[in-house]
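The entries follow the order in which I looked things up.

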Amino acid sequence: MPTLTVTLPLLAKQIDHSLLHPTLTDASISAGLSLSRAHNVAAACVKPYSVSAARQALAGSDVLVCSVVGFPHGNSTTAIKVLEAAEAVSSGAHEVDVVVNIGKVLGGEWDYVRDEIGRVNDVVTSTPVGGGDNGETAILKVIFENDYLQDEHIVRLCRICTEIGVAFVKTSTGYGFVKQGDETYSYKGATAAHLKLMKESVGAGVKIKAAGGVRTLDEMLYVMWLGVDRVGATATEAILGEARRRGIGDVPVEVEVKTDW
């Protein structure tokens, strides 16, 4: 069985704590930001209107503010995505997760897809974080929504994102529900097969974020072992609590990785 050497702070810094569900109230988001700060995660990922509040709540910590653009369906015009991204960064977002135009991807309109990702990346990386002159710059993560795509789409998106130089490619929104044969809707989110494909298809400078379906410590360890750099999760407290119960703390320990996810 493969192993990883981890610490509790290292695990926490792999997590983007997700606060994106449409039913979350301001009070719920505030509680989630407090949890993000207490666990010192990588970032708290919030809805666009919550960016300013998140920046205030996380001030003085090294938890980053992440926001979303064209979320969750990717159907906004390119101009609106660019505007939304600029506003998010100006309001204080250090990271922006943008959803591709899924219909354009499926239709093979790659010039459109490339132009849109490039324009959003340009504005994210050139807009001062918080509107100030402190030198802070933001990064872009590009959400593919793999449940809707075939392998060839994922490979092509990875290559485009590598050419443009985005910071991350990301599997899913967590809300990409696909109609099943029994007329119900569900999603897989991050899968081992897709993560392996993305790892093989991106350039060395592009990182991978797994989102959707990573809910346990064992699942998180497995995707880390596959080469994932960040995990989007709502189950942050459960994952880190399980890590503590298994004796993972501040001192590096070697843990087994279950590969049957």
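Predicted model: local features only at pLDDT ≥ 70, side-chain atom pairs only at ≥ 80, totals over all residues.

Entry: I noted a space of about 270 Å³ in the largest pocket. Its lining comprises 20 residues, and those closest to the pocket centre are Ser18, Thr173, Gly174, Gly212 and Thr234. I then sorted the lining by class and recorded 8 nonpolar, 8 polar and 4 charged residues.

**Entry: the sheet.** I next asked how the strands are arranged. I found a closed barrel of 8 strands with parallel pairing, in the order E2-E3-E4-E5-E6-E7-E10-E11. On average, neighbouring strands of this sheet are turned by 25 degrees against each other, with direction ignored.

I looked at one pair in detail. E10 and E11 are joined by 3 bridges in the parallel sense. For Ala211, I recorded Gly232 in E11 as the bridge partner.

**Entry: helices on the sheet.** Helix H2 (residues 26-39) touches E2 and strand E3 (43-46). The direction of H2 makes about 170 degrees with that of E2. Helix H8 (residues 192-201) touches strand E7 (168-170) and E10. For H8, I noted an angle of about 165 degrees between its direction and that of E10.

**Entry: the cavity.** Rolling a probe the size of a water molecule over the atoms shows where empty space is left. How many cavities of 30 Å³ or more does the structure hold? I found 1, and the space in the largest cavity is about 30 Å³.

I listed the residues that line the largest cavity: Lys81, Val98, Val99, Val100, Glu116, Ile117 and Val120. Strand E5 (95-99) and helix H6 (110-126) are the elements that give two or more residues to this lining. H6 gives the most, with 3 residues. By class, I counted 5 nonpolar and 2 charged residues in the cavity lining, and no polar ones.

Terms used. Residues numbered from 1 in each chain as written. Heavy atoms only, no water. 1 Å grid on protein atoms, 1.4 Å probe; cavity = no way out; pocket = protein on both sides within 12 Å on 5 of 7 lines; lining within 4 Å. Points joined across faces, edges and corners; volume = space filled by probe spheres on them. Nonpolar A, V, L, I, M, F, W, Y, C, P; charged D, E, K, R; others polar. Helix = DSSP H or I, 4+ residues; strand = E, 2+ residues; numbered from the N terminus. Pairing = 2+ DSSP bridges. Axes fitted to C-alpha atoms, helices over the stretch in contact; angles between N-to-C directions. Contact = heavy atoms within 4.5 Å.
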